[in-house]
Amino acid sequence: MLEQSGFVDIEIGPPVDTFGGAGGESKARLFEVYGYAFLAHKSK
Amino acid sequence: MSDVLPVDPTALREEVKTKYRAVAVNPHGGYHFHTGRPLAHRLGYADDVVARTPDRAIEAFAGVGNPFSLGALRPGERVVDLGSGGGFDCLVAAGQVGPNGRVVGVDMTEEMLSRSRAAAVALGLRQAEFRHGVIEDLPIEAGWADVVISNGVINLCADKRQVFAEIMRVLKPGGRLQFADIANGKEVPAGALRNIDLWTD
């Protein structure tokens, strides 16, 4: 969706176990949900 | 990409407001996500930044990643934080851009805005301000921002195409979007996508 919105030079960081040990952990595991950092640029 | 939204955006927004109003009022209430200083450590924020942030400014933090992990902000930059919540990421950003930069946090929850404004005042960060608004219609002029940041908020918006269009509008040419959010490795069934409760629980 970032590319479709016109962003370029997109970078994605490694997964972070955001929900590990929290109440939402079981649901997160079910759908393999992790947190990620994203970097994208608007063209010059 | 389908133009049909899985849930009603207004209904979802009200659900999200209710959830994060509760976090603002009672950050230790026990939610399906971690909060506060332990969460900031878990997500890899610098120890010294976490340590020097007062409780009041960090206890309602509810991010899902670290938007600064792929690069720090630069002194003097103008930054917009989408869904600034309790203000922790704005305070981190304000420290990185320094007194000649500007950070504008946008949030739709008055209780979160009260928290973040108080924290910025307490820390003397005059370069940080907080505005009421929704991220699909940002109260920011076109082409103002060098950087847009966000943390765990865009996934809570039904119309992501509109959110990214707004980000494009407020960014300068060559500007950056640095955000953290969740993504799923396994496909969520269509029926679950239409269940608003599952978006916020």
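This is a predicted model: local features need pLDDT of at least 70, side-chain atom pairs count only at pLDDT 80 or more; totals for chains, interfaces and linings use all residues.
The contact between the two chains draws on 28 residues from chain A and 35 residues from chain B. On the side of chain A that touches chain B, strand β2(A), spanning residues 33-41, contributes the most, with nine residues. By class, the residues on this side of chain A comprise 14 nonpolar, 10 polar and four charged. Strand β2(A) also pairs with strand β5(B), residues 171-184, in the antiparallel sense, and nine bridges link the two strands. Within this pairing, V33(A) has N184(B) as its bridge partner.

The largest nonpolar core contains 65 residues. The residues with the most contacts inside this core are V79(B), V80(B), L91(B), A93(B) and V148(B). Helix α5(B), residues 88-97, supplies the largest share of the core, at seven residues. In soluble globular proteins, nonpolar side chains tend to be buried together. When neighbours within four places in sequence are left aside, the contacts of V79(B) include L73(B), A93(B), V97(B), V103(B), A145(B), V147(B) and I149(B). G101(B), R102(B) and D146(B) are also in contact with V79(B).

Elsewhere in chain B, helix α1(B), residues 9-25, packs against helix α6(B), residues 110-122, at an angle of about 35°, and the axes lie 8 Å apart. The crossing of α1(B) past α6(B) is left-handed.

Methods:
Residues are numbered from 1 along each chain as its sequence is written. Chains are lettered from A and ligands numbered from 1 in the order in which they are written. Two residues are in contact if their C-beta atoms, placed from the backbone, lie within 7 Å. Helices (H or I, at least four residues) and strands (E, at least two) are DSSP runs, numbered from the N terminus. Ala, Val, Leu, Ile, Met, Phe, Trp, Tyr, Cys and Pro count as nonpolar, Asp, Glu, Lys and Arg as charged, and the others, Gly among them, as polar. Two strands pair if DSSP finds at least two bridges between them. A nonpolar core is a set of buried Ala, Val, Leu, Ile, Met, Phe, Trp, Tyr and Cys residues joined through C-beta atoms within 7 Å. A residue is buried if 20 or more other C-beta atoms lie within 10 Å of its own, exposed if 12 or fewer, and partly exposed in between; C-beta atoms are placed from the backbone. Axes are lines fitted to C-alpha atoms, for helices over the stretch in contact, and angles run from 0 to 180 degrees between N-to-C directions. A crossing is left-handed if the near helix is turned anticlockwise from the far one by less than a right angle, and right-handed if clockwise.
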